[in-house]
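Subject: Structure handover

Hi,

Here is the structure you were waiting for. My notes on what turned up follow below.

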Amino acid sequence: MAHAAEEAAEDVAAVLAEPTVPVKAGWTASLSLATLAVFMAFMTPIQILLPLQLEHIDPHDKNTALSLVTGLGALVAVLANPLAGAWSDRTTSRFGRRRPWIVGGALTGAAGLVVTASQHTVAGVAVGWCLAQLGLNAMLAGVTTPIADRVPLTQRAVVSGWTGLMQSVGLVLGALITTLLVTGVGAGYVTLAVLTVALALPFALRQTEPVLPRALRPAFDARAFARSFWVSPRRHPDFGWAWLTRFLINLGNALGTLYLFYFLADAVHYDDPGTGVLILTVVYTLCAALTAVPVGVLSDRAGRRKGFVVLCSLVMAAAALLLALIHTWPSALAAAAVLGGGYGIYLAVDQALVTQVLPAAADRAKDLGVINIANSGPQVLAPALASPVIAHLGGYTGLYGVAALVILVGGLLVHRIRGVA
């Protein structure tokens with residue numbers, strides 16, 4: 001019995017204990033590639049393929065069509081990510097808890113992209129995009145949690161900087177592929193589908209992870225399972241404030257980026273808005289790369305997170321105000337550089353902060369899925385807010401002014417978190 005108890009304790013330590021062994025560069029690189037796959041498949045359609053596809057389907061009501069499709073997809077994401085995370089926490093596969101969801105999610109997401117490519121109605125595009133969101137959010141649950149599972153606190157912001165940077169790199173690569181390397185919206189979707197699966201495989205095939213023993217998986221109770229998705233902000237206030245901070249910053253970012261293609265076409269009058277989005281994204285990504293990893297190093301060494309979140313909100317709000325006040329191509333370039341620098345800070349530090357306020361080690365993926373609602377939820381709310389703001393509150397000036405205010409409030413609320421410096 002004593003030997004069995006020792007083995008059980010070792011199992012708990014391997015799966016649920018706070019990590020202390022530093023991860024290697026190859027582990028970070030392969031996780032970053034899988035993260036790149038997710039965000040390339042997420043962001044490229046939102047920024048480029050869906051606007052082009054819907055403009056062709058319904059040129060007179062393209063704004064409403066884009067809002068409908070992206071809003072429905074984001075609603076699926078809100079539900080799928082925490083559900084996939086919760087089942088990931090309970091997975092006892094011999095391949096570990098996260099890797100099966102990475103591979104399964106990649107395959108489902110790729111199928112959704114292929115379905116979307118073949119649609120010629122707004123309703124068909126919505127169905128395909130919702131399927132893609134279902135799979136990609138299952139994959140996201142798998143690639144987000146290993147940082148909390150395996151990375152010690154002394155590396156967490158640096159690793160988060162690399163994986164977070166993949167959000168912007170994914171959009172740049174996706175834009176290059178869909179505007180320069182392949183011809184046609186359909187070919188763009190199919191190419192993204194293939195790359196989603198290919199980039200997920202290095203982490204899934206090469207990186208091992210501890211297996212959850214069946215004895216450690218609690219018996220399934222439907223009511224308890226459903227109740228677990230409510231993380232009480234009264235019992236876990238730091239978790240609640242971290243969620244709200246992320247929600248507001250991402251809402252402001254979504255308000256600013258959702259209509260970027262149309263902003264360049266209708267307000268800046270840029271001749272080729274698709275290429276303009278690509279140029280701005282490259283500038284944005286380069287500036288994010290200049291801040292994400294260095295700030296992650298500084299944050300890990302200082303052991304501090306909140307001050308960097310406030311700094312990023314100030315920088316991002318300044319960029320949004322620049323877009324609100326000046327509608328020219330040079331000002332858009334400057335705003336992209338400033339916004340990228342601010343968002344690079346956010347990508348490194350916010351994810352590290354969030355992993356430090358999770359309520360229970362056994363529910364890491366589920367709780368990160370709840371946190372990730374603060375990423376996908378704004379994609380649901382932003383279209384509902386942006387369309388009336390553009391129509392009735394000063395057009396793009398009003399839209400980017402609201403974005404600046406929301407980002408600023410979100411950054412300042414981080415001070416309400418008490419358990420993280």
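Asp 149 is buried, because its relative accessibility is 10%. (Buried means under 20% relative accessible area, exposed over 50%, and partly exposed in between, with a 1.4 Å probe and protein chains only.) This is a predicted model, in which local features need pLDDT of at least 70 and side-chain atom pairs count only at pLDDT 80 or more, while totals for chains, interfaces and linings use all residues. Residues are numbered from 1 along each chain as its sequence is written, and side-chain values use heavy atoms, with hydrogens and water left out.

**The salt bridges**

What does Asp 149 pair with? The side chains of Asp 149 and Arg 98 meet in a salt bridge, 2.7 Å from N to O. (A salt bridge is a side-chain nitrogen of Lys or Arg within 4 Å of a carboxyl oxygen of Asp or Glu.) That pair links distant parts of the chain: Asp 149 sits in helix H6, Arg 98 in the loop between H3 and H4, 51 residues apart. (Helices are DSSP runs of H or I with at least four residues, numbered from the N terminus.)

Asp 149 also forms a salt bridge with Arg 97, at 3.7 Å, N to O. Here too, distant parts of the chain are linked: Arg 97 is in the loop between helix H3 (62-89) and H4, and Asp 149 is in helix H6 (residues 146-150), 52 residues apart.

Are the arginines buried or exposed? Arg 97 is buried, as its relative accessible area is 3%. Arg 98 is buried as well, with a relative accessible area of 1%.

Arg 98 has another partner. Asp 89 forms a salt bridge with Arg 98, and their closest N and O atoms are 3.1 Å apart. Both of these residues are buried. Asp 89, Arg 97, Arg 98, Asp 149 and Arg 364 are linked in a network of salt bridges. The count by this rule is ten salt bridges.

**Two serines**

Ser 299 is in helix H12 (residues 273-302). Its relative accessibility is 0%, so Ser 299 counts as buried. The Ser 299 side chain reaches the backbone oxygen of Arg 304 at 2.6 Å. (A polar contact is a pair of N or O atoms within 3.5 Å; within protein, one must be able to donate a hydrogen and the other to accept it, and residues adjacent in sequence count only if both atoms are side-chain atoms.) Leaving out residues up to four places away in sequence, Ser 299 touches Ala 157, Arg 304, Arg 305, Phe 308 and Val 349. (Contact means heavy atoms within 4.5 Å.)

Ser 30 is in helix H2. It is buried, with a relative accessible area of 5%. Which groups does the Ser 30 side chain reach? One is the backbone oxygen of Trp 27, at 3.1 Å. Another is the side chain of Gln 207, in a polar contact at 3.4 Å. Apart from neighbours within four places in sequence, Ser 30 is in contact with Pro 202, Phe 203 and Gln 207.

Ala 37 lies in helix H2 (residues 25-57). With 0% relative accessibility, Ala 37 counts as buried. Not counting residues up to four places away, Ala 37 touches Met 139, Leu 195, Thr 196, Leu 199 and Ala 200.

Ala 84 is in helix H3. It counts as buried, at 6% relative accessibility. Ala 84 touches Trp 101, Asn 137, Ala 138 and Ala 141, with residues up to four places away in sequence not counted.

**The surface**

Which residues form a nonpolar patch on the surface? They are Leu 79, Leu 83, Trp 87 and Phe 220, with about 390 Å² of accessible area together. (Patches are made of residues with over 30% relative accessible area and no salt bridge: like charges are joined within 9 Å, nonpolar side chains, namely Val, Leu, Ile, Met, Phe, Trp and Tyr, within 5 Å. Accessible areas come from the Shrake-Rupley method with a 1.4 Å probe; for residues, only the protein chains shown count as cover.) Phe 220 is in the loop between helix H8 (185-206) and helix H9 (222-227).

**Confidence**

The mean pLDDT of the protein is 91, and 97% of its residues reach 70 or more. (pLDDT is the predictor's confidence in each residue, from 0 to 100.) Over residues 1-10 the pLDDT is below 50, and this stretch has zero contacts in the model beyond near neighbours in sequence.

Best wishes
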